[in-house]
Amino acid sequence: FRDAWGRESAPSARATELPFASLALEADDRRGLVVLGALAEPESYWPTGNRSLVTLRHEGLHATAGLGADLLDTRFALHAGGAEAPWRLEAPVAFGLSRSWQREDGLTEQMSARGTLSCDAPAPRELPLATLTLEACEMTLRWENGRTTRGELWRDPQTHRVWAAKEQAWPGGPRLQWEVARPWW
């Protein structure tokens with residue numbers, strides 16, 4: 001990625017110069033600052049300088065384009081109060097997840113997982129432009145093929161918006177992590 005304009009520098013240094021909504025983003029071997037390209041609530045679209053795109057839904061990983069293997073779609077199945085993402089619930093519960101992706105060879109796969117989310121007490125977390133008090137949450141996904149992946153996210157204790165996350169899209173899939181530099185909400 002490099003950063004939003006192609007110059008090499010730390011994402012936090014570039015974020016202070018840009019007045020736009022931005023994320024410090026890492027995807028496999030790529031990293032840099034990306035600027036919000038479009039917003040269609042609840043999705044936000046984050047184009048990169050190398051014809052890639054990361055889509056977040058409710059601040060969580062939804063899809064990618066332009067990586068070696070791409071996440072095509074993410075769907076949650078929740079049984080509580082109509083929430084669309086498990087981290088948006090006051091007290092996280094067990095949930096179902098279904099993801100489809102396109103492998104590097106062009107074939108498409110889909111797999112489901114049973115997930116749990118557990119959050120710790122709020123604690124300070126340093127982000128590119130601020131230190132916020134956030135809940136650190138672990139998301140454990142037990143996939144139908146018997147494998148398990150674990151991700152981390154840091155959410156606001158009042159709004160439950162995700163300010164930072166790190167996860168593997170599917171077993172053997174790309175690892176992505178992002179931190180909000182300038183929020184879009």
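Analyst: This is a predicted model, in which local features need pLDDT of at least 70 and side-chain atom pairs count only at pLDDT 80 or more, while totals for chains, interfaces and linings use all residues. Residues are numbered from 1 along each chain as its sequence is written, and side-chain values use heavy atoms, with hydrogens and water left out.

Start with the bond itself. A disulfide is a covalent bond between the sulfur atoms of two cysteines. The rule used here asks for a pair of cysteine sulfur atoms within 2.5 Å. By that rule the count is one disulfide. Cys-119 and Cys-137 form it, with their sulfur atoms 2.0 Å apart. The link of Cys-119 and Cys-137 is right-handed, with 105 degrees about the S-S bond. It joins distant parts of the chain: Cys-119 sits in strand 9 (residues 108-119) and Cys-137 in strand 11 (residues 131-143), 18 residues apart. Strands (E, at least two residues) and helices (H or I, at least four) are DSSP runs, numbered from the N terminus.

Buried means under 20% relative accessible area, exposed over 50%, and partly exposed in between (1.4 Å probe, protein chains only). Cys-137 has 3% relative accessibility, so it counts as buried. Cys-119 counts as partly exposed because its relative accessibility is 27%.

Now the surroundings. The chain has one helix and 14 strands. Of its 185 residues, 48% count as buried. Contact means heavy atoms within 4.5 Å. Among contacts between residues at least 6 apart in sequence, 44% join residues at least 24 apart. The accessible surface is about 9100 Å², and 46% of it belongs to carbon and sulfur atoms. That area comes from the Shrake-Rupley method with a 1.4 Å probe.

Next, confidence. pLDDT is the predictor's confidence in each residue, from 0 to 100. The chain mean is 89, and 89% of residues reach 70 or more. Over residues 1-7 the pLDDT is below 50, yet this stretch has 27 contacts in the model beyond near neighbours in sequence. Where pLDDT is low, the predicted coordinates should not be read in detail. Among the helix and strands, confidence is lowest in helix 1 (residues 11-17), at a mean of 66, and highest in strand 10 (residues 123-126), at 98.

With 12% relative accessibility, Asp-70 counts as buried. Its side chain reaches the backbone nitrogen of Ala-65 at 3.3 Å. Leaving aside neighbours within four places in sequence, Asp-70 is in contact with Thr-64, Ala-65, Ser-100, Trp-101, Gln-102 and Trp-170.

Last, the backbone. Most residues other than glycine have a negative phi, and most peptide bonds are trans. Glu-59 has a positive phi of about 65 degrees although it is not a glycine. Glu-59 lies in the loop between strand 5 (53-57) and strand 6 (60-65), and at a relative accessible area of 4% it is buried. His-160, not a glycine either, has a positive phi of about 65 degrees. His-160 is in the loop between strand 12 (148-155) and strand 13 (162-168). His-160 counts as buried, at 4% relative accessibility. The peptide bond from Glu-41 to Pro-42 is cis, with omega near 10 degrees. Pro-42 is found in the loop between strand 3 (38-40) and strand 4 (43-47).

Notes: Polar contact = N/O pair within 3.5 Å; in protein donor to acceptor, adjacent residues only side chain to side chain.
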